[in-house]
Amino acid sequence: MSASTGRICLAPLAGVTTLPVREFFSSLGVSLVHTEMISCAGLIRDNAKTFDMLATSEHEAPLIVQLFANDAGVLVSGAEVVMKLCRKFSGFGVNMACPMPKITRNGSGAALMRKPELSREMVRGIKSLGLPVWVKTRKFDDDTETLKFIDGLISSGADNVCIHGRTCAQRYEGTADRNILRLAAEEFPGYISASGDVRTVDDINEYLSYGCVAVMLARGIIANPFLCEEYYGKSRTYNERVDMLIDFSRRAEELSGEHKALVLMKRFAGSVLKFSEGSAELRRLAMTSTTLAELTNILRERKS
C-alpha cells in the first residue's frame, strides 16, 4: 500500500472506530479505515480488552492498526504481536497526536512531539517489520518546528504523516490551522494527510487542493455519516438513510452489545433527523432514548 492509497479515510477515534463502525463507513465509500488507538503495553501483557480491539472482518476497507507506546522497544514488540495474529492489516499507524492527559502523562501520544529522537527511533523500528507506517501528529506553535519534526519522521521511514492542525495545548478547541497543511504538503509531496475541521465537501476539496494525498474524516463524519457519499456525488433519501442506520444498529448490537450500539446510534441519528419536520423535538427524543428499540421507532416514524 502506498502513501496515496485512498483519498477519503476514516480517522482513528477512541471509542468510535470499532469494527461495526468501520464496516458501516466502508460501505459508504471511505477507502481506508483505522482501528481505535491500541496500547502496545496491553498487547505485550496479553490484555483481553486490548486484543478485542483487534477484531477485523472482510467487510472493511483497507485497515490501519493504530498503536501507541512511550518506548520504541514496546512499540515494536506490540506490533510484532499484531503480526503474529495474521490479521490482514494494511499498515501500522503510530499515534503521536492524542493530547489527552491520560495518554500524554506517560509519554505517549502528543507527548512524543517533545522527543523527536525517540519519535524517529519508533518509526525506524516499526518500519523494519515490513508494513507501511502512517504517523498521526499535530502542529507545533512554530511552523518551522512542525516541518522539521515531519521531516524527521519521513526521513526515518514514515510512508504517510497525518497532521491535525491544532497544537497539543488546543486539544480539540478553537480552529484547525489549514496553512500548516498547505506548507507541509508543498514541502513533502506525496506524504501528507490532513485532519481537523473536515465537515463539508468543500473542506475536503480544500485540503486536497493543497496537495494532501488523503483527508481523514473524524468528528465531521460522525456529525454527518453520509459526508463521504456526498463527496462522491451520491445522495440518499431519508428512508434510505434510516434503513442503513437501523442495519448498522443491529450489527453494532451483535458485535458490541446494546449499550455501545445505542451510544453510537445517538451520535449518527441527529444528522438524519435534522432533515425531518419537527427535527428539534425529534432529536431531543432520540438523544433521551434509553433503548435501541425506542430510538429505532423514532427514526421509523418519520419514514414516508
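This is a short tour of a predicted model, stop by stop.

Local features need pLDDT of at least 70 and side-chain atom pairs count only at pLDDT 80 or more, while totals for chains, interfaces and linings use all residues. Residues are numbered from 1 along each chain as its sequence is written, and side-chain values use heavy atoms, with hydrogens and water left out.

**Stop 1: two helices**

Select residues 143-155, helix α7, and residues 179-187, helix α8. Helices here are DSSP runs of H or I with at least four residues, numbered from the N terminus. The two pack at an angle of about 45°, with axes 11 Å apart. Axes are lines fitted to C-alpha atoms over the stretch in contact, and angles run from 0 to 180 degrees between N-to-C directions. The pair is therefore oblique; that word covers whatever is left after roughly parallel (under 35 degrees), roughly antiparallel (over 145) and roughly perpendicular (65 to 115). The crossing of α7 and α8 is right-handed, that is, the near helix is turned clockwise from the far one by less than a right angle.

Now show the side chains of D143, T146, L147 and I150 on α7, and of N179, I180, L183 and A184 on α8. They make the contact, meaning heavy atoms within 4.5 Å. Five of these residues are nonpolar, two polar and one charged. Asp, Glu, Lys and Arg count as charged; Ala, Val, Leu, Ile, Met, Phe, Trp, Tyr, Cys and Pro as nonpolar; the others, Gly among them, as polar.

**Stop 2: aromatic rings**

The whole structure holds nine aromatic pairs. Rings of Phe, Tyr and Trp (its six-membered ring) pair if their centres lie within 6.5 Å, and planes under 30 degrees apart are stacked, over 60 edge-to-face, the rest tilted. Select F24 and F226, an edge-to-face pair with 6.4 Å centre to centre and 80° between the planes. F24 is in helix α1 and F226 in the loop between α10 and α11, so the pair ties together parts 202 residues apart in sequence. Both are buried (under 20% relative accessible area; exposed is over 50%, partly exposed in between; 1.4 Å probe, protein chains only).

**Stop 3**

T291 sits in the loop between α14 and α15 and is partly exposed, at 30%. Leaving out residues up to four places away in sequence, T291 touches E258 and L262.

Finish on A280 in helix α14, which is exposed at 62% relative accessibility.
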